[in-house]
Amino acid sequence: MPTTPSDARWLAAAARLAARGRPLSRPNPAVGCLIVRQGIVVGRGWTGDGGRPHAEAVALDQAGTAAEGATAYVTLEPCAHLSKRGPACSDLLAQARLARVVIGVEDPDPRTAGEGLVRLRKAGIEADLLPSPEALESLAGYLTRARHNRPHITLKLATSLDGCIAMADGTSQWITGKAARAHVHSRRAMADAILVGGGTWRADKPRLDVRLPGLESRSPQRVLLTRGVPPDGVKVINAPAQIDRLGEAQYLYVEGGAQVAASFLADDLVDRIELYRAPIVIGKGRPALGDIGLARLAEAHGRWAFAERRQLGSDTYEAYSRTR
């Protein structure tokens with residue numbers, strides 16, 4: 001059956017659902033699944049804490065017998081390997097006698113990697129791979145770790161209109177307002193780890209936690225980029241290239257300062273830039289970035305694509321994703 005615009009919309013909805021599992025699903029990816037019958041959602045699920053139960057299992061359990069003849073929309077190809085914690089999701093979907101499964105991203109895990117699609121088709125279920133930008137974005141951490149053996153890295157910058165992150169004397173609290181700061185905390189809650197440099201740690205004594213009601217337990221692992229002595233409860237790395245020491249982390253949130261931000265950009269390790277811009281002008285202040293090793297202006301073009309913009313009180317939030 002040819003894919004339709006409604007298929008893309010259902011996959012996008014499944015991707016939004018998947019966000020509920022991030023980042024607590026690690027080491028497994030945060031997957032979303034919707035089971036739809038005659039235009040009505042009869043089951044929905046997302047990956048549980050620690051990776052189980054899988055999204056498909058939750059959605060099928062909710063749908064019950066209504067899954068027969070329905071369509072499942074899954075952001076990631078259903079797994080095809082058995083584990084001690086449960087059967088393969090491709091087998092569960094086959095047993096439910098679905099009519100169709102639409103998948104947003106093929107799983108790079110060699111234990112599945114196309115085998116999930118094969119199993120579904122062998123069971124007589126129509127299985128379609130429909131590349132979904134929303135599903136790709138929702139799986140960014142998992143895919144980056146699978147392909148590059150590192151977490152997906154977001155660089156957060158909070159600046160004045162003229163690109164400063166602090167006054168000349170280092171004063172930086174607060175450039176942005178309450179709404180922007182609350183949004184930062186919501187972004188922290190979606191990360192496995194949060195990183196700042198030793199200079200920022202010593203100057204600002206940041207708590208690097210999540211202070212939103214009900215989300216305090218979602219505070220990420222704290223990481224310092226420094227050659228100094230580590231404080232208790234904080235992991236230390238000496239260079240951006242050492243991020244492979246962060247274990248199973250799929251999402252790293254880098255908050256600065258300027259030299260840390262520049263070092264991650266210079267090493268080509270930033271996947272997303274999130275910019276909070278306050279409607280103030282500082283003039284002679286501290287710039288957001290240090291030297292990133294750019295030799296020619298032409299090298300700066302074509303590296304970033306606009307992803308999102310919103311107004312947060314008087315401040316503006318913009319996000320950009322890397323293109324290459």
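Visitor: Which residue of strand 3 stands opposite L34?
Guide: Y73 in strand 3 stands opposite L34. Strands here are DSSP runs (E, at least two residues) and helices are DSSP runs (H or I, at least four residues), both numbered from the N terminus. This is a predicted model, in which local features need pLDDT of at least 70 and side-chain atom pairs count only at pLDDT 80 or more, while totals for chains, interfaces and linings use all residues. Residues are numbered from 1 along each chain as its sequence is written, and side-chain values use heavy atoms, with hydrogens and water left out.

Visitor: What makes strand 1 and strand 3 a pair?
Guide: Two strands pair if DSSP finds at least two bridges between them. Strand 1 and strand 3 have 4 bridges, in the antiparallel sense, so they meet that definition.

Visitor: How do you know that strand 1 also pairs with strand 2?
Guide: Strand 1 and strand 2 (residues 40-46) are joined by 6 bridges, again antiparallel. In this pairing L34 stands opposite R44. The two strands form a hairpin with 2 residues between them, and Q38 in the turn has a positive phi of about 50°.

Visitor: Why is strand 1 called mostly covered?
Guide: Of its 6 residues, 5 are buried. Buried means under 20% relative accessible area, exposed means over 50%, and partly exposed lies in between (1.4 Å probe, protein chains only).

Visitor: Why is T71 called buried?
Guide: T71 has a relative accessible area of 14%, and therefore counts as buried. T71 belongs to strand 3. Leaving aside neighbours within four places in sequence, its contacts (heavy atoms within 4.5 Å) are L34, I35, V36, L98, R100 and V102.

Visitor: Which residues touch the most other members of the largest nonpolar core?
Guide: They are I35, A72, L93, L98, V101 and L120, in a core of 25 residues. Strand 1 (32-37), helix 2 (55-63), strand 3 (71-76), strand 4 (100-105), helix 4 (115-122) and helix 6 (140-148) each give two or more residues to this core. Helix 2 gives the most, with 4 residues. The term nonpolar core denotes a set of buried Ala, Val, Leu, Ile, Met, Phe, Trp, Tyr and Cys residues joined through side-chain atoms within 4.5 Å.

Visitor: What does L120 touch?
Guide: Not counting residues up to four places away in sequence, L120 touches P78, S90, L93, A94, V101, I103, I125 and A127. A second, separate core has 21 residues, among them L155, V223, L269 and I273.

Visitor: Which residues of helix 7 are buried, and what covers them?
Guide: In helix 7 (residues 178-188), the buried residues are A180, H183, V184, H185, R187 and R188. Their cover includes strand 6 (152-159), strand 8 (193-197), strand 11 (251-256), strand 12 (272-277), strand 14 and strand 15 (315-322).

Visitor: Why is H148 called exposed?
Guide: H148 has a relative accessible area of 53%, and so is classed as exposed. H148 is in helix 6.

Visitor: Why is L294 called partly exposed?
Guide: Its relative accessibility is 43%, so L294 counts as partly exposed. L294 lies in the loop between strand 13 (285-287) and strand 14 (304-312).

Visitor: Which peptide bond is called cis with omega near 0°?
Guide: The bond from R22 to P23 is cis, with that omega near 0°. P23 is in the loop between helix 1 (5-18) and strand 1. A cis peptide bond also joins R26 and P27, with omega about 10°.
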